[in-house]
Each structure stands twice: as structure tokens, then as C-alpha cells.
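Welcome! Take a moment to look over the chain from one end to the other, and then we will walk through it together.

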Amino acid sequence: MPLADFARAIFALAITLGLVGLAAVAARRFGPEWMTRLQRPRAERRMAIVESLPLDPARRLVLVRLDGAERLLLLGEGRLLAEVPAEAPGRARAAEHAA
């Protein structure tokens with residue numbers, strides 16, 4: 001392999017790696033905002049995670065709102081351990097004051 005071909009291959013590799021690095025920097029800097037602008041605006045979402053609380057490394061409490069109703073989920077080791085209807089904060093406080 002002549003020296004000129006070897007130099008051309010090294011130069012092409014350097015340009016390719018430089019372009020990949022430049023694209024990575026641009027994606028990191030402008031990516032999240034740019035990607036959200038490209039997506040179609042969606043209708044109101046039906047499901048949302050309201051709050052999440054880790055209990056220990058294996059278990060987590062997650063408050064989920066689905067179609068206006070809140071559910072408290074106990075998750076552990078990749079599976080659902082318990083599901084309880086969650087009280088709305090206003091209703092819970094009203095029940096405390098009524099008692």
C-alpha cells in the first residue's frame with residue numbers, strides 16, 4: 001500500500017470521526033428542544049405519574065393519575081405488589097377535620 005493511500009485513509013478516518021463528534025456535541029446541546037419541536041402536539045395525556053417515592057432499593061411507591069382518578073402503586077423487583085385507590089389531598093384533609 002503506497003504511503004499516499006495510507007495517508008488518505010487516515011485523513012478520511014479523521015474527518016469521519018470529527019463529523020461524528022460534531023454531531024454528538026450538536027445533539028447534546030440542541031437535541032432535546034429540537035426533537036420536541038419536530039413531534040406533533042398531542043392531545044391531553046390520559047396518564048401521568050404524579051409522584052414517586054423510593055422506599056428501599058427494591059421497592060417504590062408511585063402515585064399515578066389515570067383519567068382523573070389517582071392510584072397508589074407499590075412496585076417491587078419489576079412487578080406490581082399492591083394497588084390502592086389514592087385519596088385526593090382535599091378529601092383527606094376534610095376527613096381529618098370532620099373526625
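In which sense do strand 2 and strand 3 (residues 69-76) pair, and over how many bridges? They pair in the antiparallel sense, over eight bridges. Keep in mind as you read that this is a predicted model.

**The overall layout**
- The protein chain contains two helices and four strands.

**Strands 1 and 2**
- Strand 1 covers residues 47-56 and strand 2 covers residues 59-66.
- These two strands also pair in the antiparallel sense, with eight bridges.
- To see one of these links, find leucine 53, whose bridge partner in strand 2 is leucine 61.
- A hairpin of two residues takes you from strand 1 to strand 2.

**Strands 2 and 3**
- Strand 2 and strand 3 form a hairpin as well, again with two residues between them.
- Look for aspartate 67 in that turn: its phi is positive, at about 55°.

**Surface and contacts**
- Of the 99 residues in the protein chain, 9% count as buried.
- The chain exposes about 8,900 Å², and carbon and sulfur atoms supply 63% of that area.
- Among contacts between residues at least 6 apart in sequence, 0% join residues at least 24 apart.

Conventions: Residues numbered from 1 in each chain as written. Predicted model: local features only at pLDDT ≥ 70, side-chain atom pairs only at ≥ 80, totals over all residues. Heavy atoms only, no water. Pairing = 2+ DSSP bridges. Buried < 20%, exposed > 50% of the residue type's maximum accessible area, 1.4 Å probe, protein only. Contact = heavy atoms within 4.5 Å. Areas by Shrake-Rupley, 256 points an atom, 1.4 Å probe, with all protein chains shown as cover.
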